[in-house]
Amino acid sequence: MTERLSSSRAWQRMLSGRRLDLLDPSPLDVELSDIAHGLARVARWNGQTVGDHAFSVAQHSLVVEEIFRRCAPSFCAADLQMALLHDAPEYVIGDMISPFKAVVGGGYKVVEKRLEAAIHLRFGLPPHPTTRLKAQIKKADSIAAYFEATELAGFTRAEAVKIFGQPRNLTVEMLPMEPMPAIEAQRKFSERFAQIESLRLSESPRKP
C-alpha cells in the first residue's frame with residue numbers, strides 16, 4: 001500500500017509548461033500566468049452565487065486587497081502583494097468552503113502552507129505573512145465574505161453578521177462585486193499584481 005502511494009502522481013502540469021509538485025512545490029515552477037488563469041476559473045461558494053458568471057477566487061482576491069488597502073492602518077507594497085496572493089494556492093488545490101476544510105483537517109493545511117511558501121518565495125516575498133499581517137488580511141477576507149454572502153450567495157444579513165462579523169466604514173458600492181467573466185478577472189488580477197510590483201520597486205532602496 002505504501003509503495004503504491006509513493007508512486008502515485010503528485011504533480012500537475014500547468015499551461016505555462018511548468019510541472020508543479022503538490023507535495024514539495026518549488027518556487028521555480030510557479031508562474032503568475034498560471035496563478036491568474038487558475039484563480040479566474042475557480043468559483044467561490046462552490047458556484048452557488050447569482051449572476052451570469054461565477055464569482056471567482058481571482059475577483060475575490062481583488063476585493064480582499066481593496067479592503068485591506070482601505071482598512072489596514074499601515075502597509076507596504078509587499079503587504080499588498082501578500083493580500084492579493086492570500087488565496088493563491090487555490091490555483092492548484094481549488095477553493096473549499098470552510099465547513100468542508102474543517103472536516104478534511106490538517107492535511108489540507110499542510111499542502112496549502114507549502115504552496116503559499118513556494119508562491120511567496122517565487123516573487124521575493126517572505127514565505128508566510130507575520131501574525132499581525134495575517135490577522136489584517138483575515139479581517140479583510142471576512143469583510144469580503146460578508147459582502148459576497150449577502151450580495152451573491154443568498155445569506156441574510158443576520159446570518160452573515162453571525163458568521164463573518166459586521167463590516168464598518170465600508171459599503172458594497174466601494175467594491176468590485178459584480179461577477180466578472182473569467183478572462184476579465186484573469187486580466188485584472190494580473191494587472192493589479194503588476195501595479196503592486198511597480199510599487200515594490202519604487203519602495204526598494206536604490207544602490208549608490
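Where is the place of Asn46? Asn46 sits in the loop between α2 and α3, where helices are DSSP runs of H or I with at least four residues, numbered from the N terminus. This is a predicted model, in which local features need pLDDT of at least 70 and side-chain atom pairs count only at pLDDT 80 or more, while totals for chains, interfaces and linings use all residues. Residues are numbered from 1 along each chain as its sequence is written, and side-chain values use heavy atoms, with hydrogens and water left out.

**Confidence**

- The protein chain has a mean pLDDT of 91, with 89% of its residues at 70 or more; pLDDT is the predictor's confidence in each residue, from 0 to 100.
- Residues 1–6 have a pLDDT below 50, and this stretch makes zero contacts in the model beyond near neighbours in sequence; contact means heavy atoms within 4.5 Å.

- Six of the eight residues of helix α2 (residues 32–39) are buried, and the helix is mostly covered. Buried means under 20% relative accessible area, exposed over 50%, and partly exposed in between (1.4 Å probe, protein chains only).
- The buried residues of α2 are Leu32, Asp34, Ile35, Ala36, Gly38 and Leu39.
- Trp45 lies in the loop between α2 and α3 and has a positive phi, near 60°.
- Because its relative accessible area is 16%, Trp45 is buried.
- Asn46 also has a positive phi, near 55°, and its relative accessibility of 48% is why it counts as partly exposed.
- Most residues other than glycine have a negative phi.

**Packing of α3 against α10**

- The axes of helix α3 (residues 57–71) and helix α10 (residues 182–203) come within 8 Å and cross at roughly 40°. Axes are lines fitted to C-alpha atoms, for helices over the stretch in contact, and angles run from 0 to 180 degrees between N-to-C directions.
- On the α3 side, the contact is made by Ala58, Gln59, Ser61, Leu62, Glu65 and Arg69; on the α10 side, by Ala185, Lys188, Phe189, Arg192 and Ile196.
- By class, this contact has five nonpolar, two polar and four charged residues. Ala, Val, Leu, Ile, Met, Phe, Trp, Tyr, Cys and Pro count as nonpolar, Asp, Glu, Lys and Arg as charged, and the others, Gly among them, as polar.

**Cysteines**

- Zero disulfides are found in a search of the whole structure; a disulfide is a pair of cysteine sulfur atoms within 2.5 Å.
- Cys71 is partly exposed at 32% relative accessibility, and Cys76 is partly exposed at 30%.

How values were computed. Helices (H or I, at least four residues) and strands (E, at least two) are DSSP runs, numbered from the N terminus.
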